[in-house]
Amino acid sequence: MAKQRVLSGLRPTGEVHLGNLLGALNNWVQLQDKHDCLFMVADLHALSSEYADPKPIRHNIRENVIDWLAAGLDVEKCTIFVQSRVPEHAELHLLLSMITPLGWLERNPTYKEQKEELKGKDLSTYGFLGYPILQTADIVLYKATLIPVGEDQLPHLELAREIVRRFNHLYGPVFLEPQPILTHIPKLLGTDNRKMSKSYQNYIALTDSPDTIRKKVLQMITDPARVKRGDPGHPEICNVYSYHKCFSEGKISKLTEDCRTAKIGCTDCKEMLAQVLINYLKGIQEHRSRIKDDPEKVDEILEEGSKRAKAIASATLKEAMAAMGMSNEL
Ligand code: TRP
Ligand code: SF4
C-alpha cells in the first residue's frame, strides 16, 4: 500500500518553544520515518496576525527551520517548504473561499479564542476570518490525509473536511478528507500558568541559554499553599510539576512523594527542572550550531523542498480548476 501523506505547519511568528517541540516537532520527527511527510512554514498564515509588522517573518522562517532540523527533521525523509513560495496555496484559497459559507467561519471556536488571545491586534479582517480556508488549501493541495495538530486545531480540521465534501459534491471527487493525528502529550502551560503563547512571552525557547532557562524556571508559580518550606505540596496543581512530568519521567514518583511530604523545597525542585531542561536542550542547541555553520544549506533545503511541494500542488490545482470547468487548458 502506498504511504499515506502527512502535512503539518507552524507559523513563523516568533521563536520555536518547548510547547512547539512537545506538541508538534517531536511528533513530526517520528512521523517522517513512517509516512510521506510535508512540513510547511506557514508564513501566509503568520501574516493574518502580523500584517501590521511583517518584517520579522522572513528572519523567523530561517531560524525556525534551523530549529526544526536541530530537533531532528531530516530532509532525506521529509519535505520542508515555505507556504508563500508555492503560490498555489493562495490560488486554491481563493477558489475554496467561493464555496465556503460565512456561517462556517464565524462559528469557528478557534477563531473566537485567538481573537481573545491576540487582543492587542486588530483581527477583524477578512484574511483572519478566512484562516481555516487557507489551512484547508494547505492540506488538500497535497491530498494529505493525516494531519498532526494540537487540539485547538480540531475545528479547523472539521472545517477542512466540510469544505472538501462540498467541493467534491459540487464538482466531482478531487480532494480527500483529512484526519487529525493528536499527540497524547498533555499541553504545557506557559511559565506564568497562562496558555503558552508567543504573544504572552511566557515560553522557554529552544535557543534559550542555561541562564535564561534558570531565570524563567525560577519565576514559575508553584503550589500557592506551600507558604513555608515545611508545608506539604500538592503537585497535581503545580505547573513546575507538570513540566517535570514531561521531562523528568524517571524521577517523577520520588518527586511526587518528596513534594507531598515537604522533603523537597520548591526552589530545589525548580533548580532540578532547570537542569533537566538545560540538558534536554543541549543536544538540540549543539545540532543547531552545526547547522548554522553552513548557512547556504538552509537556503538549499527550502529551495528544494518548495520545488517539490510546488510540483504536487500545481498538479492538484489544475485538477481542481478542470473539475470546476475553469481550466484554460481544455
Ligand atoms: N493553523 C496551524 C497552527 O496554528 C498551522 C497550520 C497552517 C497548519 N496550515 C496548516 C497545521 C496545515 C496543519 C495543517 O498551529
Ligand atoms: Fe511544585 Fe516542586 Fe514545589 Fe512541589 S516541590 S509544589 S512540585 S515546585
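In the predicted model, the shell around ligand 2 (residues with a heavy atom within 4 Å of the molecule) consists of Thr222, Asp223, Arg226, Cys238, Val240, Tyr241, Cys259, Cys266 and Cys269. Two elements, α11 (239-247) and α13 (266-292), each give two or more residues to this shell; helices are DSSP runs of H or I with at least four residues, and strands are runs of E with at least two, numbered from the N terminus. By class, the shell comprises 6 nonpolar, 1 polar and 2 charged residues, with Cys and Tyr counted as nonpolar.

Of the 9 residues of α11, 7 are buried, that is, under 20% relative accessible area with a 1.4 Å probe and protein chains only. These are Asn239, Val240, Tyr241, Tyr243, His244, Cys246 and Phe247. The buried residues of α11 pack against α1, α12 (252-260) and α13, a contact being heavy atoms within 4.5 Å.

Gln32 occupies the loop between α1 (18-31) and β2 (36-41) and is buried, at a relative accessible area of 3%. Leaving aside residues up to four places away in sequence, Gln32 touches Cys37, Gly72, Leu73, Asp74, Lys77 and Cys78. A polar atom of the Gln32 side chain lies 2.9 Å from the backbone nitrogen of Asp74. The C-alpha atoms of Gln32 and Val75 are separated by 9.2 Å, although the two residues are 43 residues apart along the chain.

Residues are numbered from 1 along each chain as its sequence is written, and chains are lettered from A and ligands numbered from 1 in the order in which they are written. Local features need pLDDT of at least 70, side-chain atom pairs count only at pLDDT 80 or more, and totals for chains, interfaces and linings use all residues, while side-chain values use heavy atoms, with hydrogens and water left out.

Conventions:
Buried means under 20% relative accessible area, exposed over 50%, partly exposed in between (1.4 Å probe, protein chains only). A polar contact is a pair of N or O atoms within 3.5 Å; within protein, one must be able to donate a hydrogen and the other to accept it, and residues adjacent in sequence count only if both atoms are side-chain atoms.
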